[in-house]
Amino acid sequence: MNISGTVIYAVVVLVSYAYAFKKDKEKGKKGIEKGWKQFLKQLPFIFAIFLLIGLFDVFIPKSAVVSVIGRGKGFFSIINAALIGSVVGGPVSSVYPLGAVLLEKGTTVAVAAVFMNAWIMVGFITMPFEISVFGKKFVLVRNIFAVIGAIIIGMITGLILAGSIL
Amino acid sequence: MKKALKTYSFEIIVGISYIILSFFYPQKTFTALKVGTILLLKMLPIFLCVVFFSSFLALFLSPKTIQKYMGKQAGLKGVVIGAVLGTFIVGPLWVLFPLFGTLLKKGARISVVGAMIGAFAIKTPWIPYAAGFLGWPFIAITVVLTLAYAVVEGILMEKVLLFKMK
């Protein structure tokens, strides 16, 4: 983890709250309370996620990852990454470290990016709820565009960073 | 008790996995625990920043403010503004579906809401966190591409949906 990033972020947060307290003291206090509550609420889950990533890192052999979404499998890996990312869902806090582990385990940049994009953009598990709010048509169109976008964006990311769309 | 079991089902599953695995592979399990815990500790400062920044945005950037900028007369500019605002909204997608649904009902254009949902994949408060795992180039490219795609996605979604309705 880069320390400068953390420091900059901490400064941004401090400035936001300096503004908040100046503008509305009660609301500022409420913000801190709300943030702290969120932190405590999410902490067990975050901890469990990181422990799971620890297990994944130690127990899942590289070959298993490679055989499903590894290098040299071309478009097969991209499609698999999009599928897995779409079906599996979870908080964003877990997807970035998972992406980093995937890269370590031997996937290409494009595949890891497609996986993460699909995870964030497509909500398979929450689809019934989404339909209840927007209706079937909207949700179908949105998620199709999301999958296509996840793949395109991931492939371009791979092209720029690693010189390969696969 | 039952409720606690349900709420923490994921944490419990991870915990049980650890207990079972520690019987068969004590050494490896301990390594996994160490890897997970170190990752967590490294991420904790930025995670704290995320929750406090999120609660700040939630309190001081009200849905009303967002609503103001995306009326029906909004052209491409509205779509772009929608996309940019979408990056600042925080929280799980499913929590926000009703908000987006309200916007649609209140007369926001499909393209604006579509772009917002698309851009929602960029989680501004999480960016430094993500960069900690994947590096800044990766995140910068993803953010730019996702934002551009969100605008295209919004416009295309509106075209497809309105076409089908006729």
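Here are some worked exercises on the two chains of this predicted model.

Residues are numbered from 1 along each chain as its sequence is written, and chains are lettered from A in the order in which they are written. Since the model is predicted, local features need pLDDT of at least 70 and side-chain atom pairs count only at pLDDT 80 or more, while totals for chains, interfaces and linings use all residues.

**Exercise 1. Describe the side of chain A that touches chain B.**

Step 1: Start with the contacts, where two residues count if their C-beta atoms, placed from the backbone, lie within 7 Å. On that basis, 60 residues of chain A meet 61 residues of chain B.

Step 2: Assign them to helices, which are DSSP runs of H or I with at least four residues, numbered from the N terminus (strands are runs of E with at least two). At least two residues each come from α1 (3-23), α2 (25-59), α5 (92-104), α6 (109-121), α7 (127-134) and α8 (136-162) of chain A. The greatest contributor is α2(A), with 22 residues.

Step 3: Sort by class: Ala, Val, Leu, Ile, Met, Phe, Trp, Tyr, Cys and Pro are nonpolar, Asp, Glu, Lys and Arg are charged, and the others, Gly among them, are polar. This side of chain A has 40 nonpolar, 13 polar and seven charged residues.

**Exercise 2. Work out how α4(A) and α6(A) pack.**

Step 1: Take the axes, lines fitted to C-alpha atoms over the stretch in contact, with angles from 0 to 180 degrees between N-to-C directions. For helix α4 (residues 75-87) of chain A and α6(A), the axes come within 7 Å and cross at roughly 25 degrees.

Step 2: Name the arrangement: under 35 degrees is roughly parallel, over 145 roughly antiparallel, 65 to 115 roughly perpendicular, and the rest oblique. The pair α4(A) and α6(A) is therefore roughly parallel.

Step 3: Identify the partners. From α4(A) come S77(A), I78(A), A81(A), A82(A), I84(A), G85(A) and S86(A), and from α6(A) come A110(A), V111(A), V114(A), F115(A), M116(A), A118(A) and W119(A). By class, 11 are nonpolar, three polar and none charged.

Step 4: Zoom in on A118(A). Apart from neighbours within four places in sequence, its contacts are A81(A), A82(A), G85(A), S86(A), V147(A) and A150(A).

**Exercise 3. Describe the contact of α7(A) with α8(A).**

Step 1: Their axes come within 7 Å and cross at roughly 125 degrees. The two helices are therefore oblique to each other.

Step 2: M127(A), E130(A), I131(A) and F134(A) of α7(A) meet K136(A), F138(A) and V139(A) of α8(A).

Step 3: The classes here are five nonpolar, no polar and two charged residues.

**Exercise 4. Survey chain B and find how enclosed its helix α7 is.**

Step 1: Count the elements: chain B has nine helices and zero strands.

Step 2: Check burial. Of the 166 residues in chain B, 40% are buried.

Step 3: Turn to helix α7 (residues 110-119) of chain B. Here 10 of the 10 residues are buried, so this helix is largely enclosed by the rest of the structure. Among them are I110(B), V113(B), M116(B) and A119(B).

Step 4: Visit L44(B) in helix α3 of chain B. With 16 other C-beta atoms within 10 Å, L44(B) is partly exposed. Its C-alpha atom is 9.7 Å from that of Y129(B), 85 residues away along the chain.

**Exercise 5. Find the residues that touch the most other members of the largest nonpolar core.**

Step 1: Define the core as a set of buried Ala, Val, Leu, Ile, Met, Phe, Trp, Tyr and Cys residues joined through C-beta atoms within 7 Å.

Step 2: Among its 86 residues, those touching the most other members are V114(A), F115(A), A118(A), A150(A), M116(B) and A130(B).

Step 3: Find the main source: α6(A) gives the largest share, 12 residues.

How values were computed:
A residue is buried if 20 or more other C-beta atoms lie within 10 Å of its own, exposed if 12 or fewer, and partly exposed in between; C-beta atoms are placed from the backbone.
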